Amino acid sequence: EGGGVQKMPDDQEMKDGGESKADAVKKKSIMDIKAKEDMSISTKKKEDFAPLLATAIPQNRDLALKEGKKAEAVENLLAVEKTTRMAGDAFATGKVAVEIVKIFYETKDWEGINSHIVLISKRRQQLKQVLVDITQEAVTYLEHTPSKDVKLALMETLRAVTDGKIHVELERARLTRQLAKIREDEGKVAEAAELMQEVQVETYGSMDKEEKVDYILEQVRLCLDKGDLVRGTIVSKKITEKTFKDDQIQDLKVRYYDLVVRIHNEKDEYLEMAQAYHHQFSTPVVKDSPERWMKALKSVAVYLVLSPFDNHHHDFLVRILEEKKLDQIKPYKVLLTYFKTMELIQWSAFQELYKSELMQHSAFEGDKGTKRWEDLHIRVVQHNIRVMATYYTNITMERLAQLLELPHDQTEKHVCDMVVAGTMWCRIDRLNGVATFTQAKDPTDVLNEWSNNISELLGKVERTCHLIHKERCTYMPQGK
């Protein structure tokens, strides 16, 4: 009484429970059988095919090369390959497969090479190492092909059988690069770039660092040659500054920053170009060559003065002026000093002094030469306006235009551009023709600032009195 009544299972539940137990017993027995089979396989001694290969390969080589029965010899070797493949012997299978390809190569049967590479790669339960062996063997034949068409056919065959196979990704990448080079030589730059973009070498673990960086640089170069600036920029970001910490790839570092300069040159990003040339200049292999470091340092100076003023620009300017090698190219050091010193630069005198020198630089060559000289003039004007904003509170627009050597309307335009860019604060009274560079302060702010200054002054006076009293207490007894 008061206790629960246990419910008896019905017939269906008993049936399901019986089936589940039976299934569990059946699965366990199957697993035991598989375990025994695996143990027997692992403990079973593998068959040694060395004697078979030692007899079969020489016999069939003689049959194909000396007696001219190539088809029969290949059939015999394919039978041997099947035997070794079913036994799971990768070394023996690879050796036989390579021998089949060699027979076709030595008999100059290029169609046979292509067809049998595909045949061997698609055979049932083919071992991965076999595909690696025949691919590496066939790659060596590319230099000995009788014609360009035969070479391209062999390349396409190898790229087809290696497509999507991670164990031959390195060979496929190298084949793709060779094919892209051929297409580029034919003038098909767009097709070459598309071929190279198929390969994501940054994910390849089998490719060493130097070859990987070189491959990515080639991808970037082809994108730029194709005119695809966006894709070239994206691919170039796969490489960072940390990549070049190793001094063994200095030449690749120089190549990388040459490509970076090309990318920023299209957008007229002068500060980024100056930074890229500075990275080249800091490379040991460049510093060891006076001609190379001098060219890089001159480019740093030119593109730095062309770049708009901001905090990064000013910091870079100060750091580059500390470079000792800059003393060996004095005109460029003086050029940088002009833009660092808060003094007016007279444009007419500046042109006489530097135009002949700067026009010899690559930055002012080609279609962009005229525009960049105008940009340099704008930088000089902006520098002069900043100088006057530092020393003047108010100035008439007529005097401002006279100092800038510009017409009144252009003077006003440059001032407005700098205000919009946030470089400086200015208000122009057009009725009176006066430019004000100092923002009017609220009377409360002026009073607060005065109060803070007085408090700071009184604090310093009190501190000074304390120090004097301390000195007197310390040295007065000695005087007595």
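**Note on Arg183, the cores and the surface**

1. Arg183 counts as buried, at 14% relative accessibility. Buried means under 20% relative accessible area, exposed means over 50%, and partly exposed lies in between (1.4 Å probe, protein chains only). Arg183 sits in helix H8 (residues 169-185). Helices (H or I, at least four residues) and strands (E, at least two) are DSSP runs, numbered from the N terminus.

2. The model is predicted: local features need pLDDT of at least 70, side-chain atom pairs count only at pLDDT 80 or more, and totals for chains, interfaces and linings use all residues. Residues are numbered from 1 along each chain as its sequence is written, and side-chain values use heavy atoms, with hydrogens and water left out.

3. On confidence: pLDDT, the predictor's confidence in each residue, runs from 0 to 100. The protein chain averages 85, and 89% of the residues score at least 70. Over residues 1-9 the pLDDT is below 50, and this stretch has one contact in the model beyond near neighbours in sequence. Contact means heavy atoms within 4.5 Å. Residues 11-19 also stay under 50, with one contact beyond four places in sequence.

4. On the overall fold: the protein chain has 22 helices and three strands. Of its 480 residues, 38% count as buried. Among contacts with a separation of 6 or more, 61% are between residues 24 or more positions apart.

5. Back to Arg183. Neighbours within four places in sequence aside, Arg183 is in contact with Leu152, Lys188, Glu191, Ala192 and Leu195. Glu191 and Arg183 meet through their side chains in a salt bridge (3.2 Å, N to O). A salt bridge is a side-chain nitrogen of Lys or Arg within 4 Å of a carboxyl oxygen of Asp or Glu. Glu191 is partly exposed, with a relative accessible area of 33%. Elsewhere, salt bridges that share partners join Arg177, Glu184, Asp214, Glu218, Arg221, Asp225, Arg255 and Arg262 into one network.

6. Two further pairs deserve a look. Asp185 bridges to Lys181, with the closest N and O atoms 3.0 Å apart. Both lie in helix H8, four residues apart, about one turn of the helix. Asp185 is exposed at 57% relative accessibility; Lys181 is partly exposed at 44%. Asp163 bridges to Arg172 at 3.8 Å between the closest N and O atoms. Arg172 is buried, at 15%, while Asp163 is partly exposed, at 48%. The whole structure has 33 salt bridges.

7. On the cores: a nonpolar core is a set of buried Ala, Val, Leu, Ile, Met, Phe, Trp, Tyr and Cys residues joined through side-chain atoms within 4.5 Å. The largest has 108 residues, of which Ile113, Ile117, Leu336, Leu358 and Leu376 touch the most other members. Helix H15 (residues 290-306) gives this core its largest share, ten residues. A second, separate core of 15 residues includes Ile385, Leu404, Leu406 and Cys426.

8. Leu376 has contacts beyond four places in sequence with Val305, Leu306, Phe339, Trp347, Phe350, Leu358 and Phe364.

9. On the surface: Leu447, Trp450, Ile454, Leu457, Leu458 and Val461 form a nonpolar patch, with about 600 Å² of accessible area together. Patches are made of residues with over 30% relative accessible area and no salt bridge; like charges are joined within 9 Å, nonpolar side chains (Val, Leu, Ile, Met, Phe, Trp, Tyr) within 5 Å. Leu457 lies in helix H22 (residues 443-479).

Note on methods. Areas by Shrake-Rupley, 256 points an atom, 1.4 Å probe, with all protein chains shown as cover.
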